[in-house]
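Please look over the sequence and the coordinates before reading on.

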Amino acid sequence: LVIAHLMRAFGAAGGQLVAGAETNEIVRDGDGYLVITDTQRIAARAVVFATGGRQADPKIRAELVGGGFVPPLRGNPWSCGTGAELAASLGASVNTANTGFYGHLFAAGVEPLSPVDYITFALYHSSSGVMLDPSGRRFADETRGDHNNTMALAAHGGQGLLLWSEAVQRDAAQAPFVPGTPSLDRWAFSRDRGGRVSVAESVESLPRPLDLDAEARARLGDGR
């Protein structure tokens, strides 16, 4: 309904929608611009770039995390940065200082097959867990939220160990992360789709000893 309303207002103002066209080049033309697409040329007094970003470019995603690996794409596959390149060709500057991004943690081994999988396997409850890097070192304040935990993990190579207690597992499986959405046992879904997840009877029973601080031990408790 919102899109339909916007399109009616756009048409009423004399706007013309060109769908399915790819912009190949934009050049200055006197006091305006010439927009060259794969179907036509459009003269314009001004140009507004409204693109979906650059996240579909693997090189850009790698640069956001220091080049150590390529984070998986969580978003549309068409936003490759063409709009930013066109703007730069006209003299615009692109802010490359902001290396933040929006994403969520999910278990290694899980391969998203459809957009709904990004919700099904998102470990939103990492804010109640303990995150460790491959060396066993805790490197983030998990309470800042799963989206911030994701950026912290990306800055540490993209792989780590997330621990949470049985109480957190029970609450996370029974209560939806977003009110009004279905309750999902994301641990079980991850296990069934090949995710590298497991259960330990206690911290001491883990395959390797962990040097956890008092806060981390308290958060994990004495049980599973």
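The points below go from the overall fold to one helix and one surface patch.

The model is predicted. It contains eight helices and five strands, arranged along the sequence as α-β-β-β-α-α-α-β-α-β-α-α-α. The radius of gyration is 23 Å, well over the 17 Å that the globule rule gives for 224 residues, so the protein is more spread out than a compact globule.

**Overall dimensions and surface**
- Along the principal axes, the C-alpha atoms fill a box of roughly 75 × 35 × 30 Å.
- Buried residues make up 33% of the 224 in the protein.
- Among contacts with a separation of 6 or more, 51% are between residues 24 or more positions apart.

**Helix 6**
- Helix 6 spans residues 166-174, and its buried residues are Val168, Gln169 and Ala172.
- These residues cover an arc of only 100° around the axis, which puts them on the same side of helix 6.
- In an α-helix there are 3.6 residues a turn, so residues three or four places apart point the same way.
- The packing partner of the buried residues of helix 6 is helix 7, residues 186-192.

**Nonpolar surface patch**
- A nonpolar patch on the surface is formed by Val2, Ile3, Leu6, Met7, Phe10 and Leu17.
- Together the patch residues have about 600 Å² of accessible area.
- Phenylalanine 10 lies in helix 1, residues 2-12.
- Phenylalanine 10 counts as partly exposed because its relative accessibility is 38%, between the 20% and 50% cut-offs.

Technical notes. Residues numbered from 1 in each chain as written. Predicted model: local features only at pLDDT ≥ 70, side-chain atom pairs only at ≥ 80, totals over all residues. Heavy atoms only, no water. Buried < 20%, exposed > 50% of the residue type's maximum accessible area, 1.4 Å probe, protein only. Helix = DSSP H or I, 4+ residues; strand = E, 2+ residues; numbered from the N terminus. Arc of directions from axis to C-beta. Contact = heavy atoms within 4.5 Å. Patch = residues over 30% accessible without salt bridge, like charges linked within 9 Å, V, L, I, M, F, W, Y side chains within 5 Å. Areas by Shrake-Rupley, 256 points an atom, 1.4 Å probe, with all protein chains shown as cover. Salt bridge = Lys/Arg side-chain N within 4 Å of Asp/Glu carboxyl O. Rg over C-alpha atoms; globule rule 2.2 N^0.38 Å.
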